[in-house]
Amino acid sequence: MASVPPAQDAAATHPVTPAPPASTTIPAEHVAQPGSFLSSVFGDNPYFQAGFGLMGMGVGLTVLRQGLVWGTTALRRRMLVSLEINNKDRSYEWFLAWMSRQNQVAQQSARVPWVRSHQLSVETIVEQRKNGSSSALFNLVAGPGTHYFNFRGAWMQVKRERETRSMQLMSGVPWETVTLTALSRDRFLFPQLLAEARDLAMRGNEGKLVVHTAWGIEWKPFGQPRRKRPLQSVVLEPGVSSRIETDIKAFLDRRKWYADRGIPYRRGYLLYGPPGSGKTSFIQALAGSLSYDICLLNLSERGMTDDKLFHLLSNAPERSFILIEDIDAAFNKRVQTSEDGYQSSITFSGFLNALDGVASGEERIIFMTTNHLEKLDPALIRPGRVDLAQVIDDASPAQARLLFNQFYGGSFKVTGLSDDAVQAMASELHDIVSDELSAGKRVSMAALQGHFILHEAKDALASCRDLFARRLNS
Ligand SMILES: Nc1ncnc2c1ncn2[C@@H]1O[C@H](COP(=O)(O)OP(=O)(O)OP(=O)(O)O)[C@@H](O)[C@H]1O
């Protein structure tokens, strides 16, 4: 009989957990422990250790750099102060001119220039000499970039920046700014610097008449300031010059009077008469005598619109006369002219609106001239738009005598002619003009001036009758 080993039999009936074989024991260091896997991968790996070190340094440096940026920004805020000047502002040109002046003065006196600049721009100035000749001067101004200069013991940084991607829409000039930076404690020097720059610019214009013209919607000085013309050199009918001068002076003295009554502080003048009678010359001489500028407005200018006109009339530089010449050429009884080949796109009602402007306290003095009063619409010359209308006519006998005296008498006297002789000849001219006038013939003051420029006194008198012509409107 076959026998079954008792152990096998027992296993078959009672399952028993098998014991691990003695040979498969795992060393303790190879048994996975939580957290120890990372350290085993990274901790012992020299590449990872170096990477972590570098990363740590990078983070540290970034924090340090950020800290430095914050620190310097905070320091700048507390210790430095900046002033920005935009090229829309008048002080922009004044400041650049002032800077270039500092350099010129330093160079003339063989000193080291105050302004430390390596980027310069050139500005060409045509200077009129007393003998009538002219020369071109080159003015070096600080160009775009960073410059340093010293003002009253304080160092300042100037950054001139030019916007290359956009420009002023109307004038096509790129936007520019200069930023002045100084120590906080020197901030009080900014107003002093600007005042000095302004005074320098004003001194340059002393005794000169500045004429502005429209550049898009802005006024810009046109050419170099001109020498002022003495008011008495424009010879008008006795009493006419003083009438206008007195009126304008009274107006300028009554700013408060206007404000108290809520009346817009503006005055309009219309000078009318034949060509060459001295209308423009008189307005310019009057502006010069009152230290006013002239803003020359051309209504027929291509591209002029109602909006532009309104803006220009409302934003003329302070202390300036707005001069609109040949007003009849722009509007002929409410019909726009196209005599010169193109039409301005302003409308008559737009022009009247612009003349009336917004009822502000801003002073506004407008001078208009025309050769044809009869062509003007009554709406244009009603009081409030034109407060004083004055005819400036062809030469009267009195004007001719005075002009003759101005040319040949006084300080311009020609040798060999006594004062009495000049007076006698002037009186003779007076009588000739009277004669011709009563015969319906006239001569303009411009024609007389041209005649006197060409002839000596005796010749001028002898040939003056040739100048007279019969005028259709005489
Ligand atoms: N009354 C005057 N006294 C002195 N010079 C005069 C006078 N009138 C004209 N002139 C001279 O004639 C020239 C032309 O004068 P101006 O341009 O002022 O005349 P206007 O009346 O404005 O002419 P227009 O109507 O054609 O514009 C100037 O050189 C000016 O010196």
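The crossing of helices α12 and α13 is right-handed, the term for a near helix turned clockwise from the far one by less than a right angle, anticlockwise being left-handed. Helices (H or I, at least four residues) and strands (E, at least two) are DSSP runs numbered from the N terminus. The axes of α12 (residues 397-408) and α13 (residues 419-438) come within 8 Å and cross at roughly 150°; axes are lines fitted to C-alpha atoms, for helices over the stretch in contact, and angles run from 0 to 180 degrees between N-to-C directions. The angle therefore makes α12 roughly antiparallel to α13, a term used for angles over 145 degrees. On the side of α12, the contact is made by P397, A398, A400, R401, F404, N405 and Y408. On the side of α13, V422, M425, A426, S427, L429, H430, V433 and S434 take part. Two residues are in contact if their C-beta atoms, placed from the backbone, lie within 7 Å. The contact comprises 10 nonpolar, 4 polar and 1 charged residues; Ala, Val, Leu, Ile, Met, Phe, Trp, Tyr, Cys and Pro count as nonpolar, Asp, Glu, Lys and Arg as charged, and the others, Gly among them, as polar.

The model is predicted; local features need pLDDT of at least 70 and side-chain atom pairs count only at pLDDT 80 or more, while totals for chains, interfaces and linings use all residues. Residues are numbered from 1 along each chain as its sequence is written. The chain has 15 helices and 19 strands. Of its 474 residues, 24% are buried, that is, have 20 or more other C-beta atoms within 10 Å of their own C-beta, placed from the backbone; 12 or fewer is exposed, and in between is partly exposed.

In helix α9 (residues 306-314), K308, L309, F310, L312 and L313 are buried. These residues pack against strands β8 (211-215), β9 (218-221), β12 (293-297) and β13 (320-324), and against helix α11 (348-356). The loop between α9 and β13 holds R319, a residue with a positive phi of about 50° although it is not a glycine. R319 counts as partly exposed because it has 14 C-beta neighbours inside 10 Å. D326, in the loop between β13 and α10 (327-330), also is not a glycine and has a positive phi, near 45°.

The ligand is surrounded by 15 residues, of which P275, G278, S281, M445 and A446 are the closest. Helices α8 (279-289) and α14 (445-454) each supply at least two residues of this shell. By class, the shell has 6 nonpolar, 8 polar and 1 charged residues.

Key:
Near = placed C-beta within 6 Å. Parallel < 35°, antiparallel > 145°, perpendicular 65-115°, else oblique.
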